[in-house]
Amino acid sequence: MDRSQSRADFPEPGTLLLSMDNVSVHRNDHTLVSGVAFSLRAGEHWAVTGENGSGKSTFLRLVRGDLWPDQGPAGGARFYYIDGQSSRSPIGLRHRIGVAGADLRDYYYHREWDITVTSAVASGLSDAPRYYGPWNDRVEHDVLYALERVGMERFAKTPLDILSQGELVKVLIARALVTNPYILILDEADDGLDEDSRRDVLHVVENLAESGTTVFAVSHHKESRPAFLSREIRFEKGKMVFCGVSPNDGTTTDSRLPVLTDVTCEERTMCDTHSPMIEFIHASVSIKEKKLLEDLNWRMFPGENWAVLGGNGAGKSTFLRLVAGEIHAESKPETSVMRFGATALPIAELRGQIGMVSYAIQAGFTDKDPALAVAATGVRGDLALHVRPEDTHFEAAEALLHRLGLQRLGTCRMGELSQGERRKVILCRALLASPRLLCLDEPLGGLDRAARRTFLDVLEALDPLKTNMVFISHHHRDLPANITHALFLRHGYIVQQGRL
């Protein structure tokens with residue numbers, strides 16, 4: 001019997017799986033969580049809520065055993081219960097705790113490993129970034145079944161590093177499902193998913209919950225919270241301030257978020273007018289022999305702000321990388337790519353004029369990098385801290401963080417920050433030098449409601465004669481009010497473009 005049908009080995013509903021008593025975690029004089037008291041029983045499903053940096057991800061890492069409580073009595077006690085026996089170690093349960101989220105996504109982005117989707121999903125069986133066990137029919141069956149559950153089976157042999165953001169998210173969810181987990185942890189795992197993909201993944205998770213898997217989920221989009229998450233844990237400044245049945249505040253739960261494909265725009269013609277900032281003529285892009293963009297004809301003029309729309313795998317992130325000069329179009333007689341009036345600008349000059357936000361940029365900095373220094377690299381557009389930013393760059397970064405109320409982040413290293421806090425640092429990095437162009441790929445992903453509003457206010461206040469933007473998001477409400485134009489991509493082709 002395959003794993004999808006075998007539930008006899010699952011704990012009975014109500015079985016105690018985990019307990020925490022006054023648990024605290026500190027890192028480098030920073031309190032991550034303190035005084036956490038919690039018990040987990042099989043069949044319970046929890047929404048974990050709170051603002052960026054409140055302690056949500058730290059708590060989930062404690063649940064899985066990736067973090068240990070502080071040593072000594074002050075750190076409290078955490079116990080796992082396996083076959084009726086208590087243990088301080090997660091060994092014995094950890095391999096049946098599946099996790100998908102931003103930390104794992106950044107890990108794969110940062111390593112840039114040349115592995116296939118199949119290998120990435122199989123690594124879940126080893127509880128490691130790579131699969132180290134023997135390859136046999138059972139492993140192949142489990143991997144393909146997990147991919148089928150998230151609609152990614154046709155990508156089994158695809159290199160991981162050419163997937164779109166949304167496709168990678170679905171692969172990481174498949175990786176979490178491959179062990180048929182007792183406990184499933186989804187830490188902002190719907191970031192980057194289009195509406196159809198979000199609905200499909202939600203259906204898979206609902207089925208798991210009905211079959212006995214215990215689910216934890218973090219999401220800042222409350223209206224997308226599935227109904228089966230009947231319990232809530234809420235954190236504030238490292239403290240668990242609520243733990244129990246979710247209060248009914250009258251909010252209707254709806255898995256469907258507004259999406260940008262609801263926007264309509266008129267057709268845009270390639271007419272001659274003033275000099276464009278960016279121009280693509282018959283531009284195509286292939287990576288590792290896979291065609292990602294095909295025959296693009298597009299112009300962006302000063303004063304315009306563009307939304308790039310389309311489903312997962314449409315080519316949006318690749319399009320943005322082409323705009324920013326991170327990748328090149330295929331060399332053909334009929335192809336022309338121009339940026340700021342030139343067909344070939346040095347990459348250092350481009351980085352000084354283009355502020356970029358993407359998950360790949362964020363993953364390029366290490367946990368040890370000081371957040372203030374990461375923000376300061378925005379002046380030159382450096383993608384790593386190989387060269388120390390100048391003192392004036394540090395001063396500018398410190399002033400911007402202070403203006404946005406984020407000065408505390410400047411005292412931390414990137415590894416001490418939550419995913420949302422790291423995103424804020426990368427946004428500040430992009431804005432620091434007042435670039436001519438902002439290329440923003442899901443820039444508000446992982447941000448809480450207040451932070452999204454803060455950065456939308458900043459983007460909407462930009463002087464269109466000095467700074468323009470190209471913006472990707474699957475959430476309509478994250479679209480700045482000053483977006484003037486939109487283009488739709490499908491399977492690498494522009495199918496519609498024009499003024500909103």
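## Terms and basis of the model

A salt bridge is understood here as a side-chain nitrogen of Lys or Arg lying within 4 Å of a carboxyl oxygen of Asp or Glu. The structure is a predicted model, in which local features need pLDDT of at least 70 and side-chain atom pairs count only at pLDDT 80 or more, while totals for chains, interfaces and linings use all residues. Residues are numbered from 1 along each chain as its sequence is written, and side-chain values use heavy atoms, with hydrogens and water left out.

## The chain as a whole

The protein chain has 13 helices and 19 strands; helices (H or I, at least four residues) and strands (E, at least two) are DSSP runs numbered from the N terminus. Its C-alpha trace spans about 75 × 50 × 45 Å along the principal axes. The radius of gyration of the protein chain is 23 Å, which agrees with the value near 23 Å for a compact globule of 500 residues. This radius is taken over C-alpha atoms, and the globule rule is 2.2 Å times the number of residues to the power 0.38.

Of the 500 residues in the protein chain, 55% are buried. Buried means under 20% relative accessible area, exposed means over 50%, and partly exposed lies in between (1.4 Å probe, protein chains only). Among contacts (heavy atoms within 4.5 Å) with a separation of 6 or more, 70% are between residues 24 or more positions apart.

## Surface and charge

The protein chain carries 57 positive and 66 negative charges, whose mean positions are 3 Å apart. Lys and Arg count as positive and Asp and Glu as negative, whereas His and the chain ends are not counted. Each charge is placed at NZ of Lys, CZ of Arg, CG of Asp or CD of Glu.

## Salt bridges around D127

The structure holds 21 salt bridges. One of them joins the side chains of R64 and D127, at 2.4 Å from N to O. This pair links distant parts of the chain, with R64 in helix α1 (residues 56–64) and D127 in the loop between α3 and α4 (137–149), 63 residues apart. R64 is buried, having a relative accessible area of 7%, whereas D127 is partly exposed at 26%.

D127 also forms a salt bridge with R94, where the closest N and O atoms are 2.5 Å apart. Here too distant parts of the chain are linked: R94 lies in the loop between β5 (85–87) and β6 (97–101), 33 residues from D127. R94 is partly exposed, with a relative accessible area of 21%.

Elsewhere, D391 and R388 form a salt bridge with closest N and O atoms 3.1 Å apart. D391 is partly exposed at 48%, and R388 is exposed at 56%.

V121 is found in helix α3 (residues 117–126) and counts as buried because its relative accessibility is 0%. Beyond its neighbours within four places in sequence, V121 is in contact with residues including V143, L147, V171 and V178. The C-alpha atoms of V121 and V178 are separated by 7.0 Å, although the two residues are 57 apart along the chain.

H393 is placed in helix α11 (residues 391–403). H393 counts as buried because its relative accessibility is 10%. Leaving aside neighbours within four places in sequence, H393 is in contact with A376, V379, R380 and L432.
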